[in-house]
Amino acid sequence: MNPYSAQILSFFSALTMDSDRGGVHDYKSLLRSTVSAFLDRPDKERAFEVYSMFFDCYRVKLQGSASFIDLLDTLKSYEENAATLLDKQRDHYVHSVNVFLLGLAVYAVNPRYREVFRTASYEAVPYAGRRSTPGEEFLFQWGVAALFHDIGYPVEITSNQVKKFVSLVSGEAGRSDVGPYVGYQHFDALNRIAEVLYPEDYAAPFWAMTRLEPGALDPFAPLDLLSANLSMAFGVDLSAVKSALDGFLPAMQKSGFVDHGFYSALILLKWYGYLAQRSGAGTALLFGPILSAAGAILLHNYYKNVLQKPPFSLGLLEPEQHPLGFLLILCDELQEWNREAYGILDRQRVLAADSVLTLTEDLLSVRYLTYEGTLSPDFGPRKEEMFSRLLDLKAVFPQGIRITCTTRTDLYIAAIRRADGALVPRPLLENLEQLARTIHENYNRTQLERHPEQPLAYPTWEELPDDLKYSNIRQARAMFDKLTACGYAAGEPGGENEVAGFTPEQVESLARDEHDSWYAERRQSGWSFGPEKDVEHKLSPYMIPYDGLTEEIKELDRDAVRNVFPLIHSIGMAIYHAG
């Protein structure tokens, strides 16, 4: 079960669905059941069930040979097969369902976001057919935005495949600047909603909802609809944003990249525009919530790549400017766990396998977990810095956002507990990190006593680099080996044959072993001998045999031995003669 399952299920507990009124249907229970099944086992099969049930709840279906499910199947097939030739490519099929559920959790927990959606979206756009409650309207709009936000990815995958192949071929011939791109003989045919209704009947709700003069835009052109959405949301000049969107395709071609969000938004409007006309549901649905969802899909890349740059130069995205766009950027960037790697290089990289999510009214905290290897040290800081440039998160979470990752020490502790569970006393295993913290505190205290004029390099445990935390944990784990080497054992206090401490001979022998273990651990971490200590380049003058150390440095190893008994006592255990 996902770490935020409780928040998601609480969303459904508070939800009332119009289609269930009168007891005729029970779509809420069906959707909640498929979501719960996915939370228990978040794989492709159960992701498909979430997509299908959401489409069933809101009749997101086309009659004929093609359907929205076909689009999603195409995305899955491209990622599983075509993307294996690329260096970088990760799952977007299961990812989109996880993004959807993460957004439900934010809505359920955060009253500020609920209020923003209610005032800036639900009440601001009272279209014909609007759901009776803000909660269900959010479910519908957010579901469309989150579940469809990556359907344009096959275009990006295809473009990247061609670029890689042409680069290989041209590079062999001495030319690596060919610059292939996706081009169209008739792009207007892609940027066109099929006309089923008379144009006047189709477009009437659009002019009423936007207050634009009929003819100011082409309501059958998805890019024109998106221009209206962005202009109204951010107060930017309509002609300027239309010019930017009309010129975005040649801009992508010139720069050699593909923004899949651009295609995803266009596809959604093109397909849903046809559906709205054929189903008889009315086009107000298209120009209200569907356009809002498509705008969010466009923004999840377009905001930082275009709108934050000249000539628009917009600042932080405020949640009330575009509630769905704000939430999609947040959830899409956060959802890094449980994403299958398809690209050649991505399959070799360490990726987040799971997460621990803490959601409160004031704070959003994510800890990414890995089970083998660690993410890059700057992974969390880079994420936080990116959010600080994009979103006004404190408008929703006053305490901001905190992002941390599994460290080498986390993996080491987990490995120790798996390997030594039957050998080492449970209190010692359960308190490994606390013992390591105390070892660091003891070291700092000794350093201040011996060198009061020198500031501490790392005053707190949190400031320690990961490899030094690892060293302290190794030392904590080694306490058990030191006891065993001397014929001692740790146990509950109050027994017979308790030992008061190591003898001087034992201290010296164990100090030598301690240095040897430290030396081996440093070598494994990439350290080598240097005349002066240099943490950045991993050099130390103590990477020498024990007998070559100064007495002052030997005392540090002896301190590590002498502290074993006080540390064992600190976790409520005593030391006895074994047997």
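Colleague: What should I know about the model before we start?

Modeller: The model is predicted, so local features need pLDDT of at least 70 and side-chain atom pairs count only at pLDDT 80 or more, while totals for chains, interfaces and linings use all residues. Residues are numbered from 1 along each chain as its sequence is written, and side-chain values use heavy atoms, with hydrogens and water left out.

Colleague: At what angle do the axes of helix H1 and helix H2 cross?

Modeller: Two packed helices are described by the angle between their axes and the distance between the axes. Here the axes (lines fitted to C-alpha atoms over the stretch in contact, with angles from 0 to 180 degrees between N-to-C directions) of H1 (residues 5-14) and H2 (residues 27-40) come within 10 Å and cross at roughly 175 degrees. Helices are DSSP runs of H or I with at least four residues, numbered from the N terminus. The crossing makes H1 roughly antiparallel to H2, a term for angles over 145 degrees.

Colleague: How is the pair of Phe234 and Tyr303 arranged?

Modeller: A pair of aromatic rings is described by the distance of the centres and the angle of the planes. Rings of Phe, Tyr and Trp (its six-membered ring) pair if their centres lie within 6.5 Å, and planes under 30 degrees apart count as stacked, over 60 as edge-to-face and the rest as tilted. Phe234 and Tyr303 are tilted, at 5.5 Å centre to centre and 40 degrees between the planes. Phe234 lies in helix H11 (residues 222-234) and Tyr303 in helix H15 (residues 284-307), so the pair ties together parts 69 residues apart in sequence.

Colleague: Is Phe234 buried or exposed?

Modeller: Phe234 is buried, with a relative accessible area of 10%, and Tyr303 is buried at 1%; buried means under 20% relative accessible area, with a 1.4 Å probe and protein chains only.

Technical notes
Helices (H or I, at least four residues) and strands (E, at least two) are DSSP runs, numbered from the N terminus. Angles under 35 degrees count as roughly parallel, over 145 as roughly antiparallel, 65 to 115 as roughly perpendicular and the rest as oblique. Buried means under 20% relative accessible area, exposed over 50%, partly exposed in between (1.4 Å probe, protein chains only).
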